[in-house]
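Please look through the structure shown here with the following walk-through beside it, which goes from the individual chains to the contact between them and then to some details of the backbone.

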Amino acid sequence: MRGLSWMQMGPPDPILGVTEAFKRDTNPKKMNLGVGAYRDDKGKPFVLSCVRKAEALIAAKQLDKEYLPIGGLGDFTKACAQLALGANNEVLSSGRNITVQTISGTGSLRIGANFLSRFHGGSRDVYLPKPSWGNHTPIFRDAGMQLKAYRYYDPSTCGFDFRGALEDISKIPEQSVILLHACAHNPTGVDPKQEQWKEISDIVKKRNLLVFFDMAYQGFASGDIDRDAWAVRYFIEQGHNILLSQSFAKNMGLYGERVGGFTVVCKDIEESKRVESQLKILIRPIYSNPPMNGARIATTILNTPELRLLWLEEVHGMANRIIKMREQLVAGLKKSGSSHNWQHVIDQIGMFCFTGLKPEQVERLTKEFSVYMTKDGRISMAGISSGNVGYLAEGIHAVTK
Amino acid sequence: LEPFVLRSWWGGVQMGPPDPILGVTEAFKRDTNPKKMNLGVGAYRDDKGKPFVLSCVRKAEALIAAKQLDKEYLPIGGLGDFTKACAQLALGANNEVLSSGRNITVQTISGTGSLRIGANFLSRFHGGSRDVYLPKPSWGNHTPIFRDAGMQLKAYRYYDPSTCGFDFRGALEDISKIPEQSVILLHACAHNPTGVDPKQEQWKEISDIVKKRNLLVFFDMAYQGFASGDIDRDAWAVRYFIEQGHNILLSQSFAKNMGLYGERVGGFTVVCKDIEESKRVESQLKILIRPIYSNPPMNGARIATTILNTPELRLLWLEEVHGMANRIIKMREQLVAGLKKSGSSHNWQHVIDQIGMFCFTGLKPEQVERLTKEFSVYMTKDGRISMAGISSGNVGYLAEGIHAVTK
């Protein structure tokens with residue numbers, strides 16, 4: 001019998017490894033700050049009310065389960081694009097975007113990566129911010145692109161390295177792809193300010209770069225969906241014909257339902273038709289057509305006025321709880337007697353916080369306090385509640401004093 | 001240089017050719033003839049021509065809704081209870097492979113997603129050969145699935161147009177010449193598009209020659225239960241090959257047999273040498289899957305698992321799948337009876353001998369064109385009809401039309 005004895009055991013996923021170690025820990029005060037999924041103030045997974053209501057509406061209709069089109073549910077892709085771009089966007093009225101439903105954000109990025117690999121003659125290079133979400137690299141690499149980076153995070157300030165970013169971007173070869181996190185940068189939580197986005201747009205335009213926006217947290221970052229989409233909309237206004245990935249995993253809590261969108265903003269509607277036809281040819285041999293359930297939920301929410309309002313409230317609520325935890329953590333650190341500057345914890349935005357902790361400090365925090373996070377010092381704010389924020393503050397103070 | 005706002009990134013992107021099967025449905029929709037029939041669609045229809053959501057599915061959905069479960073991410077390899085039940089369904093609950101734990105089964109995005117994961121896995125890890133041998137003909141999407149994954153496509157004889165049946169001699173001859181360590185794809189049951197399946201004795205000879213040639217077997221089982229009405233009978237070839245020592249790859253779909261089409265429920269299995277190997281393979285599958293879609297969609301898997309693991313729902317499902325298969329078989333019989341009644345002198349036995357959703361009528365392209373133009377009966381140019389599109393209300397009309405274009 002032929003075997004695969006030569007095949008190596010692959011390295012475990014770094015983030016999942018954190019959760020696995022957390023599960024094994026018996027300390028009742030343990031905290032899992034690795035998980036990138038929202039938790040309520042009791043540390044429980046949170047299914048939004050608007051989602052439950054949408055599900056009830058859908059169930060009552062007793063819909064069939066026929067295949068969706070290759071590009072997904074039409075009402076979904078329309079609402080998805082409107083959410084990102086704003087209902088009055090000229091791109092939508094001129095029909096010069098093509099938006100397809102995807103398997104959440106990862107699926108969207110991968111379709112985009114495959115599309116670039118097949119059709120972007122200009123360059124094989126995709127420039128990621130340093131650091132970026134860990135999965136970006138294999139997504140683009142497995143699609144046949146090459147990864148490069150531009151400076152982004154400044155560890156000395158735990159903030160945005162604006163000068164470094166502009167310097168690096170100004171040297172990117174023309175027609176390369178530049179990936180930008182639209183809001184709530186993952187893993188750092190550090191976002192450019194609007195004035196900084198404007199300069200980035202200018203230099204990107206000068207360098208003639210193809211912009212790929214990853215927007216996984218619209219609404220979840222500031223609590224305001226239009227504010228979080230500002231950079232995407234500004235770039236489009238400035239004439240960038242962007243690629244855009246959207247996810248509804250976090251802002252609608254639809255994680256396991258896998259709801260996302262991929263958009264190509266084209267020159268005109270004729271180009272969008274050609275691009276659409278090629279996207280379908282690309283998608284069909286990957287999974288044929290996308291899963292229906294989550295898209296039906298998202299569409300029902302976006303298109304039913306009272307549910308949309310409820311959703312906006314709930315997303316605002318989630319963002320607010322995160323912001324409150326940031327404030328309480330900093331207050332707790334001060335109270336513990338920490339002399340460090342923790343302002344970045346409040347300045348950073350979204351699900352994650354780059355604490356600035358060094359690997360040895362992270363290790364101590366895990367070993368001595370059973371606080372689990374990734375080695376880069378990233379914590380998921382969602383894992384913090386009013387019940388344990390004080391404990392966390394003590395632990396962080398203990399390993400950093 | 002054009003002003004920035006007018007620059008186009010995608011000027012070189014050509015309009016792609018339209019999907020042949022979807023094109024059939026689009027033309028069908030435009031037709032105003034009240035007697036029109038869509039025999040292109042590969043989705044089951046009831047005897048009134050309507051999409052059919054199984055009762056066991058509705059009941060499972062009610063049970064799931066009552067639990068008010070959360071929507072947390074599934075593991076990369078999918079819902080554990082699903083992958084377990086999925087493998088058991090294919091292999092049989094008492095299979096030695098399962099008890100020894102030497103399979104790795106991951107949840108996938110229906111059959112297509114399963115095949116693509118398999119193709120990507122082969123491309124990355126199968127050093128033996130780049131070649132995947134498909135039966136001639138095969139499902140149209142097989143080719144781009146393997147090609148886009150970096151494999152090369154070849155073929156072995158399968159369908160005999162002179163008999164509308166299985167070219168057994170031709171298949172054995174071609175398979176006996178396939179270079180060692182190549183991948184051979186086999187349709188486990190209800191071959192798509194021909195409906196022509198090998199008999200058990202023929203499967204045994206195929207297994208022998210495949211073993212002699214040291215080929216890596218990839219089974220595509222998209223119709224378990226849907227072909228004969230019996231889930232164990234439809235899985236016979238898969239189980240036989242495993243018994244014979246082939247460590248197979250296997251794709252499963254629940255689109256048809258549970259009517260879960262749009263929910264995208266499927267499984268991909270690698271039967272390994274032992275549990276240690278299956279752990280290494282599992283780790284690499286996860287590394288492959290994570291940058292494609294991270295983790296699979298939960299809803300359909302929860303439904304399928306609930307059905308498979310709730311005794312009364314499983315029984316109901318088996319009845320319903322039997323019912324769907326029986327309706328198809330009845331339509332085959334009625335179509336042949338109708339052709340005889342219309343006065344056709346041709347031998348239509350193959351319509352009854354073929355099995356599953358599809359039937360390769362043997363109609364030539366010109367005849368297909370006439371059937372579409374004169375009778376508003378829509379099918380693919382290769383003469384393939386979806387039996388699901390036929391009902392007791394229109395089978396007579398179809399028989400008349402086929403007779404008219406073939407007499």
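**From the chains to their interface**

For chain B the average pLDDT is 96, and 99% of the residues score at least 70. Such scores deserve attention, since where pLDDT is low, the predicted coordinates should not be read in detail.

Turning to the interface, 75 residues of chain B are in contact with 81 residues of chain A. The size of an interface is often given as the accessible area lost when the parts come together; here chain B and chain A bury about 6700 Å² between them, and 56% of that area is on carbon and sulfur atoms. Across the interface of chain B and chain A there are 8 salt bridges, including one between Asp148(B) and Arg118(A), in which the closest N and O atoms are 3.0 Å apart. Polar contacts across the interface of the two chains involve 37 residue pairs, with both residues at pLDDT 80 or more.

Which helices of chain B each supply at least two residues of the side that touches chain A? They are α2 (55-67), α5 (110-125), α6 (142-148), α11 (275-293) and α12 (298-309) of chain B, and the largest share of that side, 11 residues, comes from α11(B). By residue type, the side of chain B that touches chain A divides into 36 nonpolar, 19 polar and 20 charged residues.

A few backbone details remain. Most residues other than glycine have a negative phi, and most peptide bonds are trans. Against that background, a cis peptide bond joins Lys130(A) and Pro131(A), with omega about 0°, and Pro131(A) sits in the loop between β3 (125-130) and α6 (136-142) of chain A. In chain B, the peptide bond from Asn192(B) to Pro193(B) is cis with omega near 20°, and Pro193(B) lies in the loop between β7 (183-187) and α8 (200-212) of chain B. Gln175(A), although not a glycine, has a positive phi of about 70°, and Gln175(A) is found in the loop between α7 (162-169) and β7 (177-181) of chain A.

Note on methods
Residues numbered from 1 in each chain as written. Chains lettered and ligands numbered in written order. Predicted model: local features only at pLDDT ≥ 70, side-chain atom pairs only at ≥ 80, totals over all residues. Heavy atoms only, no water. pLDDT = per-residue confidence, 0-100. Contact = heavy atoms within 4.5 Å. Buried area = accessible area lost by both parts, 1.4 Å probe. Salt bridge = Lys/Arg side-chain N within 4 Å of Asp/Glu carboxyl O. Polar contact = N/O pair within 3.5 Å; in protein donor to acceptor, adjacent residues only side chain to side chain. Helix = DSSP H or I, 4+ residues; strand = E, 2+ residues; numbered from the N terminus. Nonpolar A, V, L, I, M, F, W, Y, C, P; charged D, E, K, R; others polar.
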